[in-house]
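Work through the two exercises below with the model open beside you, and compare each step with the solution that follows.

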Amino acid sequence: MGQATRTTKLLLDLDKRNQGGANTAKRAALDATVEILNAARAFYIDFFLAHAEKLAERVSYYSEKQLEMRTRAISAHELLTWAEGCTVATREHPHPWEGWNFTEVFPDMPFVYRRSAIKDAIGKVRSYLSHRANWNKSGKHKGEPGRPGATDHPTLYQGTCTLHLESADVKSRFVQLKVYDGKEWSWVNYPVQCNRYFEQRHHDEAWEHKSPILIVRPHEVALHFPQTKEVEAKKVKESKLDPALVTVAVDLNVKNLAVITVRQRERIIETVFVTDHGLDAHRYQHLKRIAKKQWQSGKPIKGEHSNQELWRHIDHLNEDAAHKVARSIANVCTRYPGCVLLFERLRKIKAKGGSKSRRLNRKRANHLRGKINQFAREKAFATCATCTVEVNPHGTSQYCSRCGAKGERFSYRGGTRLIAKWGKLFFCPSCRYEANADFNASANVHHSFFHELHWQPRIMRSG
Ligand SMILES: [Zn+2]
């Protein structure tokens, strides 16, 4: 049993008003809302840090199971009620604690937002305190955990956000948000860029909705809708006992983004090559331009980003490619129900050597592998309950997938064989096996999973 998660984005329309977008006052209200919520969060972070002993409190309760009184850590809900009692003026508690009068500092803030700020603060302070306790225990002098920051994307719990998407006219669909305009809290309608993709995912019965999160960025504002699904997956240990188990292995590379091989009963039954369609070269051209511009403009100014549009374009390229490759991996998994997805454990690779643009490009390529790994894992789990295993990557590209001997990589250059580490082909001197090097590596991932050939567990000698 596990839980799959996904996020669907709904962009707010911030184009010019005469083009159907929100006006600037509405845009400013969003910034003001985020700001005041950050301030509220900071207030409660200070409050909980000043009363840290309350977070460590144990409460006694009657256990139905053991039929006796027991103690447990105080729950987040109890902390919330306690914090509200101390800081908010109500009819029962007309006088909040001296210096902690929330109602006075933030008049008329909707209680839903206040509670969300308290919940965020509890989480942040709890994690900070436990990190600091661990740090104290470790006896290190460096790396003291810093105080928790208050900035975060606000979660829109029920009562602060209503979607109106029923209208047949796409232009008149909007979302109603409770926002702060600098003086008071009010409901404001924001036009949204609704599309069929969003609707389809939003109305998907299989996925459960969580509260949306408001993401305000300099150039775009979006609502992120997290959704979760309960997935029943078989344990890999149990699947491994099945002799007819299908394993899907993926080898991630730069030009061949993914080489997928499917194996059953010690035979490769399907191979899929996913190429990058020139993404690597395309990205390299952009990075070359960035490197040149940075060189021309000299020393960068601290706190300022250069070439923002270009960087954003490159990030989008990468993200998009990662999603597409991950989808094709998940599609292969869907064809073999009950299969296990195998990846090599990714190593930390530091890009070095070559020109600056080449290093930057390598860095992005390595980043892309990580993204593909992550997205493929999520998509395969959500669509066909496939579990992912990371295997030992040692020597997958150097050993022969047929006999297990150490081989070499080579390429043809003008008709002559050129033995090189970057060679596209693989040759085994022991059994004269020749194959595409990436395919050979992908086939070796299966061996690593089943501990065959070179990947047999080493016998530990004692004494
Ligand atoms: Zn061989």
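Domain bounds here come from an automatic or database domain assignment, and on that basis the protein chain is divided into domain 1 (2-14 + 154-231), domain 2 (38-138) and domain 3 (236-391). Residues are numbered from 1 along each chain as its sequence is written. This is a predicted model, in which local features need pLDDT of at least 70 and side-chain atom pairs count only at pLDDT 80 or more, while totals for chains, interfaces and linings use all residues.

**Exercise 1.** Determine how helices H8 and H10 are oriented to each other.

*Solution.* Helices (H or I, at least four residues) and strands (E, at least two) are DSSP runs, numbered from the N terminus. Axes are lines fitted to C-alpha atoms, for helices over the stretch in contact, and angles run from 0 to 180 degrees between N-to-C directions. Helix H8 (residues 279-297) and helix H10 (residues 356-384) pack at an angle of about 135°, with their axes 8 Å apart. Angles under 35 degrees count as roughly parallel, over 145 as roughly antiparallel, 65 to 115 as roughly perpendicular and the rest as oblique; H8 and H10 are therefore oblique to each other.

**Exercise 2.** Find the strand order of the open sheet and identify its edges.

*Solution.* Two strands pair if DSSP finds at least two bridges between them. The five strands follow the order S12-S11-S10-S13-S14, with mixed pairing. Strand S12 (267-274) and strand S14 (387-391) each have a single partner strand, so one side of each is left without a neighbour in the sheet. From one strand to the next, the twist averages 25°. Strand S11 (residues 258-264) runs antiparallel to S12, joined by seven bridges, and Ala 258 stands opposite Val 274 in S12.
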